[in-house]
Amino acid sequence: MKILIRVVITAVALWTATALVDGIDVGGDDAVKRTLTFLAVGAVFGLVNAVVKPVVRLLGCALYVLTLGLFALVVNAALLALTGWLSGRLGLEFHVRWFWPALWGAIIVSVVSWLLSLFVSDD
C-alpha cells in the first residue's frame, strides 16, 4: 500500500511539473489516458530513484561535498530526464525536452512530493 501511495504522490508531483514547466509534456487524448500515463511515469520515476540514485550518490559523493549539496539538483534533473527517456522507450507519452526544464521540473517534483508526504502517515 505504501508503494501505491508513493506512486500516486509522484504522479501528482509530475502533473504539477507539467502544468508549471514549459518543456515537460505528457500526451494523451483524454483525462483517463493522461492519468494512467502519470501513474505509469510515477512508477518509472520511483524505480529510477530506487535503482540509479544510490549508485550516483555513491560515485558522486565528493561532488556532493564539494558543492555543499547543490550537485543533488543536477542529479535530480538527470534522473527526471532519464525517466522521460525511459518512458518514451516504454511507449508512454511523457517527454522532458532538455536540462533546464528537467532542473525546474525536478525542483517542483521534489517540493510537491515533500509537501504531499507531510499529509500521509508513515503507518
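L68 lies in the loop between α3 (61-66) and α4, helices being DSSP runs of H or I with at least four residues and strands runs of E with at least two, both numbered from the N terminus. The model is predicted: local features need pLDDT of at least 70 and side-chain atom pairs pLDDT 80 or more, while totals for chains, interfaces and linings use all residues. Residues are numbered from 1 along each chain as its sequence is written, and side-chain values use heavy atoms, without hydrogens and water. Phi of L68 is near 55°, a positive value in a residue other than glycine. Most residues other than glycine have a negative phi. L68 counts as exposed because its relative accessibility is 79% (exposed, over 50%; buried, under 20%; partly exposed in between; 1.4 Å probe, protein chains only).

The 20 residues of α5 reach 29 Å from first C-alpha to last, close to the expected 28 Å (1.5 Å times one less than the number of residues). Buried positions in α5 include P101, L103, I108 and V112. The buried residues of this helix pack against α1, β1 (24-26), α2, α4 and β2 (94-96), contact meaning heavy atoms within 4.5 Å.

The largest pocket has a volume of about 310 Å³. A pocket is an open set of points on a 1 Å grid over the protein atoms alone, where a 1.4 Å probe fits, with protein on both sides within 12 Å along at least five of seven lines; lining residues have an atom within 4 Å of a point. Points are joined across faces, edges and corners, and the volume is the space filled by probe spheres set on them. Of the 17 lining residues, R6, T10, F45, G46 and N49 lie nearest the centre. α2 (31-59) gives the most to this lining, with seven residues.
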